Amino acid sequence: MERNQDVITFTTEDGEEAKFHVIEETRINGTDYLLVLDDFEEEEQEALILKDVSAEGEQEAVYEIVEDERELKAVADLFGELLEDTEFIL
């Protein structure tokens, strides 16, 4: 399986830009999730799972970091299956 190494840029609430590398994406029960890394250059990278919380009809996607423990575990387990040869710290 090839890894998606697209870079996406988010604008934070305070107007700053944050860049992430998209490793994988999936859809669960109609919700889109992204597995992203904060920095490809570092030896130890931090992975985050982002959830699309856009309202229907919005032109740009709105993502939040998944913080609910149960949801995070379920989505992380799925990403773990999709990327079984890769180890990430969530």
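1. Basis. The model is predicted: local features need pLDDT of at least 70, side-chain atom pairs count only at pLDDT 80 or more, and totals for chains, interfaces and linings use all residues. Residues are numbered from 1 along each chain as its sequence is written, and side-chain values use heavy atoms, with hydrogens and water left out.

2. Main core. A nonpolar core is a set of buried Ala, Val, Leu, Ile, Met, Phe, Trp, Tyr and Cys residues joined through side-chain atoms within 4.5 Å. Buried means under 20% relative accessible area, exposed over 50%, partly exposed in between (1.4 Å probe, protein chains only). The largest core has 12 residues, among them Ile23, Tyr33, Ile49, Val66 and Phe79. Strand E3 (31-37), strand E4 (47-52) and helix H1 (69-82) each give two or more residues to this core. H1 gives the most, with 4 residues. Helices (H or I, at least four residues) and strands (E, at least two) are DSSP runs, numbered from the N terminus.

3. Second core. A separate core has 7 residues, including Phe10, Phe20, Val22 and Leu34. Phe10 counts as buried at 18% relative accessibility. Phe20 is buried too, at 13%.

4. Aromatic pairs. Rings of Phe, Tyr and Trp (its six-membered ring) pair if their centres lie within 6.5 Å; planes under 30 degrees apart are stacked, over 60 edge-to-face, the rest tilted. The count is 2 aromatic pairs. Phe10 and Phe20 are edge-to-face, at 5.8 Å centre to centre and 65° between the planes. Phe10 lies in strand E1 (residues 6-11) and Phe20 in strand E2 (residues 17-28), so this pair ties together parts 10 residues apart in sequence.

5. Tyr63 lies in strand E5 (residues 63-65), so the pair ties E1 to a part 53 residues apart in sequence. Tyr63 is partly exposed, at 24%. Ring pairs link Phe10, Phe20 and Tyr63 into a cluster.

6. The largest pocket holds about 420 Å³ of space. On a 1 Å grid over the protein atoms alone, a pocket is an open set of points where a 1.4 Å probe fits, with protein on both sides within 12 Å along at least five of seven lines; lining residues have an atom within 4 Å of a point. The volume is the space filled by probe spheres set on the points. Of the 15 lining residues, Phe10, Thr11, Thr12, Tyr63 and Glu64 are the closest to the centre. E1, E2, E4 and E5 each supply at least two lining residues.
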